[in-house]
Amino acid sequence: MESLHLFSNTRAMKHFFVQNYTEDFLPSAKSIAEFLDFILRVEGKRKIPPFLRNFYLYQAIQENYQNTQKLGINIF
């Protein structure tokens, strides 16, 4: 069974590799953020990249301005 090493950030992961692995193959390792992105998957769905989230939100508001309650948005 292969192990996965989880680290709080990439700096800690790099430090671990420098201290413990100089000549061998590196073990599997991820930061917590990478791990959560990896395991939080929904079949048939895609994650919207952060730079597109606001664009899609504004587009949805413009198309449904009168019915923003459907989107779960309250405009005052």
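Two residues are in contact when heavy atoms of theirs lie within 4.5 Å. With that in hand, welcome to this predicted model. Among contacts in the protein chain between residues at least 6 apart in sequence, 33% join residues at least 24 apart. The chain has 4 helices and 2 strands, and reading along the sequence gives the pattern β-α-β-α-α-α.

**The chain as a whole**

- The protein chain is made of 76 residues, of which 9% count as buried.

- Helix α1 spans residues 10-20, and its buried residues are Met13, Phe16 and Phe17.
- These three cover an arc of only 95 degrees around the axis, which puts them on the same side of α1.
- On the face of α1 turned away from the buried side, you will find the exposed residues Arg11, Lys14, Val18 and Gln19.
- What do the buried residues of α1 pack against? Their partners are β1 (4-7), β2 (28-31) and α2 (32-39).
- The N-terminal end of α1 is capped by Asn9, with a side-chain oxygen 3.3 Å from the backbone nitrogen of Arg11.

**Phe7 in strand β1**

- Phe7 sits in strand β1.
- Phe7 has a relative accessible area of 14%; this is under 20%, so Phe7 counts as buried.
- Leaving aside neighbours within four places in sequence, Phe7 is in contact with Ala12, Met13, Phe16, Ala29, Lys30, Ser31 and Ile32.
- Two of those contacts, Met13 and Phe16, are also among the buried residues of α1.
- Phe7 and Lys30 are 23 residues apart along the chain, yet their C-alpha atoms are separated by 6.4 Å.

**Ser31 in strand β2**

- Ser31 has its place in strand β2.
- Is Ser31 buried or exposed? Its relative accessible area is 6%, and because this is under 20%, Ser31 is buried.
- Not counting residues up to four places away in sequence, Ser31 touches Leu6, Phe7, Asn9, Thr10 and Met13.
- Asn9, one of the residues that Ser31 touches, is the residue that caps the N-terminal end of α1.
- Met13 is in contact with Phe7 and with Ser31.

**A nonpolar patch on the surface**

- Leu4, Leu6, Ile32, Leu36, Phe38 and Ile39 form a nonpolar patch on the surface, and together they have about 510 Å² of accessible area.
- Which elements give two or more residues to the nonpolar patch? They are β1 and α2.
- Helix α2 supplies the largest share of the nonpolar patch, 4 residues.
- Phe38, one of the patch residues, is found in helix α2.
- With a relative accessible area of 48%, Phe38 falls between the 20% and 50% limits, so Phe38 is partly exposed.

Notes:
Residues are numbered from 1 along each chain as its sequence is written. This is a predicted model: local features need pLDDT of at least 70, side-chain atom pairs count only at pLDDT 80 or more; totals for chains, interfaces and linings use all residues. Side-chain values use heavy atoms; hydrogens and water are left out. Buried means under 20% relative accessible area, exposed over 50%, partly exposed in between (1.4 Å probe, protein chains only). The arc is that of the directions from the helix axis to the C-beta atoms. A polar contact is a pair of N or O atoms within 3.5 Å; within protein, one must be able to donate a hydrogen and the other to accept it, and residues adjacent in sequence count only if both atoms are side-chain atoms. Patches are made of residues with over 30% relative accessible area and no salt bridge: like charges are joined within 9 Å, nonpolar side chains (Val, Leu, Ile, Met, Phe, Trp, Tyr) within 5 Å. Accessible areas come from the Shrake-Rupley method with a 1.4 Å probe; for residues, only the protein chains shown count as cover. A salt bridge is a side-chain nitrogen of Lys or Arg within 4 Å of a carboxyl oxygen of Asp or Glu.
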